[in-house]
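Colleague: I am new to this structure. Please take a close look at the ring side chains and what surrounds them.

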Amino acid sequence: MKLHQSLIHALFIFAFTNCTNLAPSTHLRAEEKPGPNNRPVLLEVQKIWDKAPHNAFTDLLRHNDQWYCVFREGKAHVSPDGALRVLTSKDGKQWKSIALVTHPRYDLRDAKLTVTPDNRLMLNGAGMLADEEIRYYSMSWFSDDGGETWDEGHEIGDPGFWLWRTQWHNNHAYTMGYNTNRDRTQRTLRLYKSADGKTFETLVKKVPAPNGCGEDKILFMKDGTALCLLRHETGNKLAQLGTAKAPYTDWTFRDTNARIGGPEMIQLPDGRILATTRLYDKRARTSLSWLDPENATLTEVLELPSGGDTSYAGMVLHEGILWVSYYSSHEGKTSIYLAKVKIPDIKTAQK
């Protein structure tokens with residue numbers, strides 16, 4: 001009887017970790033112990049928002065003992081009513097909306113949330129005008145009261161360049177910006193730098209990555225080296241991994257082994273790097289992968305419950321547990337999810 005129960009339990013865990021059709025708002029748990037080959041283990045996943053017809057493109061932040069999740073909501077994947085929703089939570093379970101950032105002309109897209117050196121919240125994203133010759137204008141907004149109110153916003157970078165994700169390092173903000181030319185083969189990449197998040201100077205006018213790259217994550221390593229993981233949508237469509245040393249004006253890029261979308265990554269206290277991306281082989285899904293910067297390879301280790309229109313994650317390591325926000329349409333409606341993941345062999349917790 002004990003053997004029979006163990007087999008049933010094992011089959012349940014396998015079905016859970018490979019499932020792509022969770023019931024709405026369901027909390028599911030696996031055993032809190034390392035999986036085979038030191039794979040991360042999915043502890044639970046929760047749907048935290050589905051009120052708009054389309055809810056997508058997330059980011060996640062923990063600040064002043066508060067959780068923040070931001071994302072775009074609108075009538076469709078592209079629609080003129082796109083706005084940036086800000087949710088907060090004390091415990092990561094009960095979430096409430098505290099702000100909706102809108103614009104009278106733009107479809108606002110792909111919100112990213114950071115904390116400035118003077119301890120304010122900063123949103124950055126892009127405003128889209130679908131039928132104009134110049135379709136995208138990058139923007140930033142600031143809040144002095146924990147995200148409840150935001151200023152009117154600031155256009156940043158160059159018109160037509162999408163400054164996708166801001167990273168603060170040594171009191172300066174860095175972001176790649178990609179040319180949004182309708183012809184992807186003509187899309188080039190720039191590196192921008194800012195001291196205040198409102199005015200961005202061009203640090204590298206043409207980054208030496210293949211044309212057709214965009215959607216960046218810059219990760220500043222403990223030794224100051226910058227890694228940049230890029231989506232790539234021309235040629236072989238393999239994601240690009242770039243490296244540069246300070247002052248970050250001289251970059252080298254290489255093909256990785258995977259096509260990705262919406263990159264996000266985090267360095268663990270022991271130096272290992274985990275990335276969360278959309279993967280395209282077999283089918284679209286949101287997955288965690290180990291990144292090997294020496295060999296420029298991504299090794300998938302945990303598929304999150306997802307499918308269809310999905311990915312664009314935020315990642316926070318808190319008290320030894322990795323929290324991941326993302327969106328997915330695997331339940332039929334594009335909704336916002338929050339996963340908690342156990343990382344084997346973490347030596348030091350990080351808040």
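Modeller: Lysine 198 lies over the face of phenylalanine 142, at 5.6 Å from the ring centre. A charge counts as sitting over a ring if NZ of Lys or CZ of Arg is within 6 Å of the ring centre and within 35 degrees of the ring normal. Lysine 51 also has its charged end over a ring, that of tryptophan 49, at 5.3 Å from the centre.

This is a predicted model, in which local features need pLDDT of at least 70 and side-chain atom pairs count only at pLDDT 80 or more, while totals for chains, interfaces and linings use all residues. Residues are numbered from 1 along each chain as its sequence is written, and side-chain values use heavy atoms, with hydrogens and water left out.

Of its 351 residues, 58% count as buried. Buried means under 20% relative accessible area, exposed over 50%, and partly exposed in between, with a 1.4 Å probe and protein chains only.

How many aromatic pairs does the structure hold? The count is 14. Rings of Phe, Tyr and Trp (for Trp, the six-membered ring) pair if their centres lie within 6.5 Å; planes under 30 degrees apart count as stacked, over 60 as edge-to-face and the rest as tilted. One of these pairs is tryptophan 67 with tryptophan 323: the ring centres are 4.2 Å apart and the planes at 25 degrees, so the pair is stacked. Because tryptophan 67 belongs to strand β3 (residues 66–74) and tryptophan 323 to strand β24 (residues 321–328), the pair ties together parts that are 256 residues apart in sequence. Both partners are enclosed: tryptophan 67 is buried at a relative accessible area of 1%, and tryptophan 323 is buried at 6%.

Tryptophan 162 and tyrosine 178 form another stacked pair, with 5.8 Å centre to centre and 20 degrees between the planes. Here tryptophan 162 is in strand β10 (residues 161–163) and tyrosine 178 in strand β12 (residues 172–179), 16 residues apart. Tryptophan 162 and tyrosine 178 are both buried.

Ring pairs also link Phe57, Trp164, Tyr312 and Tyr327 into a cluster. Phenylalanine 57, in strand β2 (residues 54–63), has a positive phi of about 60 degrees although it is not a glycine. Its relative accessible area is 2%, so phenylalanine 57 counts as buried.

In soluble globular proteins, nonpolar side chains tend to be buried together. A nonpolar core is taken here as a set of buried Ala, Val, Leu, Ile, Met, Phe, Trp, Tyr and Cys residues joined through side-chain atoms within 4.5 Å. The largest such core has 42 residues, of which Met176 and Trp251 touch the most other members. Strand β1 (residues 41–49) gives the most to this core, with four residues. A second, separate core of 20 residues includes Val45, Ala313, Val324 and Val341.

Methionine 176 brings several of these names together. Leaving aside residues up to four places away in sequence, the residues that methionine 176 touches include Trp162, Trp164, Trp251, Phe253 and Cys228; contact means heavy atoms within 4.5 Å.

Cysteine 228 is buried because its relative accessibility is 0%. Its sulfur lies 8.7 Å from the closest cysteine sulfur, in cysteine 213, which is too far for a bond. A disulfide requires a pair of cysteine sulfur atoms within 2.5 Å, and by this rule the count comes to zero.

The C-alpha atoms of proline 117 and tryptophan 168 are separated by 8.0 Å, although the two are 51 residues apart along the chain. Proline 117 counts as partly exposed because its relative accessibility is 47%.

Definitions and conventions. Helices (H or I, at least four residues) and strands (E, at least two) are DSSP runs, numbered from the N terminus.
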